[in-house]
Amino acid sequence: MPARPVVLIAEELAPSVLAVLGDGFDVRHVDGSDRAALLPALAEAQAVLIRSATQLDVEALAAAPRLQVVARAGIGLDNVDVPAATARGVLVVNAPQSNIVSAAEQAVLLLLACARNLAPANAALKSGRWERSRWTGVEVADKVVGVVGLGRIGVLFAQRMSAFGTTLIAYDPYVQPARAAQIGVRLVSLEELLRESDFISIHLPKTPETVGLIGAAQLAMCKPTVRIVNAARGGLLDETALAEALAAGTVAGAGLDVFATEPCTDSPLFGFDSVVVAPHLGASTVEAQDKAGIAVARSVRLALEGQFVPDAVNVQAGGVVAEELRPALPLVEKLGRVFTALAGGVAESIEVIVRGEIAALDVSVLQLAALKGVFADVVEEQVTFVNAPTLASERGVAVSLTTSQDSPDYRNLITVRGVLTSGDVVSVSGTLTGTRQVEKLTEVDGFDVELVAEEHLVFFRYADRPGVVGTVGAALGQAQVNIAGAQVSRTSAGGAALMGLTVDSAVPADVLTALSTTIGATAAHTVDLA
């Protein structure tokens, strides 16, 4: 197999993609629209970067046994089977912020071009016809503009149309009236928007609920002077019904950048001078392509390094992960790995306990990080933020998350605690300390410790007595294993004790076994966090 991770670029992307990826990857290229070329090219790919022309469906995913991440350089994911990718533990990322400005500007452009008959006037003049009187348009000022969908692009579109002196109304059942009022928009029902608007612009995702949202019945509610723009997703506006309304004179014009089936090179809508069309150019700006390429290249790097990817769409981590939580993700993953080493197998139940200031945030991603660590050394496949919950479910592990803002000893403290099939309870806790956010273990199996979570850790459980520390140090020294840090915690003098060590290299299994026998340890564990 290739020595470097294989990154397959299936469509033309900005040159910045290669710059961001760097030299650590085996970058290959294929025409993603050519199915016969795509499927064999996926065989060794660990990441694939696409735009809208490449279909990553069940068949394509099955052809990519090593695939870890699918990166879409854009917003929409209509061409990616996200549930199938999730079932296989493949991360799906996009660039949700990359083209929002370009898309909003495209909608404004289509609306203005439609209002002033720019496309047919341009075509006529280039054909040698000076037809000023034929292409009289309408002003946008003082008109009512209806915005269907107040997501990121809808808001940007509304803000730009406000500068034209328009009255803005919007339909979006998931936006509060106060939020709409902040940007100068009045929320109304869809029916009211259709009846009142002089211009309508659609800014919705494509879902089973939104496909065909504006059809014949809805168009019949509109003013006959209405002009409709769709630069969002094809199929939201019924194209057949629109053509019929234009022919009947019940709709004055339209601007379309997207179509139900793409590429679209033949449509009844193309026969109307009052219709302005473009071949899905909403994201086709130098700036948008550059932003999208940089964003997904960064996501691919993070994914292939096993880190959390902020733009993953199929990670069960609630909403946007707060910046305050991200430094804790590697620590919590290490807590999960230490837990598994101490447990010696998979637990019946696992509880992730978050205490302190961060407990006020959505900390569900910390549960995923803990599970990622718990299963990292248990299964052969790569464990990701995507498939960690599935691995727990398949093994019948009950997982819970508990939060409390009360943390008497530390600003923030995270604990991974589990119950084994034997009924024994295993736990490990950790925190981040100081301005450098140093990862430290604060509790191991009920013993208070303060150990830096270095690459190599060793734990011994034994009966407290003199000479054990010296014996361990001498044996590891003889095995050429250097001790970086050591700590002993005990319940009482002569009682149960835990020795925790950070070492510079892994302790060989035979050395650990011999040393455990020598000191009469009841348990001995090594954890490799490299």
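Strand 1 (residues 6-9) runs parallel to strand 3 (residues 47-50), to which three bridges join strand 1; strands are DSSP runs of E of at least two residues, helices are runs of H or I of at least four, and both are numbered from the N terminus. Pairing requires that DSSP finds at least two bridges between two strands. The model is predicted, with local features needing pLDDT of at least 70 and side-chain atom pairs counted only at pLDDT 80 or more, while totals for chains, interfaces and linings use all residues. Residues are numbered from 1 along each chain as its sequence is written, and side-chain values use heavy atoms, without hydrogens and water.

Opposite valine 7, alanine 47 stands in strand 3. Strand 1 also pairs in the parallel sense with strand 2 (residues 26-29), over four bridges, and aspartate 26 is the bridge partner of valine 6. Val6 and Leu8 point one way from strand 1, Val7 and Ile9 point the other way, and all are buried (under 20% relative accessible area, 1.4 Å probe, protein chains only).

In helix 7 (residues 152-162), the buried residues are Gly154, Val155, Leu156, Phe157, Ala158 and Met161. These residues pack against elements including helix 5 (100-115) and helix 8 (177-182), where contact means heavy atoms within 4.5 Å.

Technical notes:
Buried < 20%, exposed > 50% of the residue type's maximum accessible area, 1.4 Å probe, protein only.
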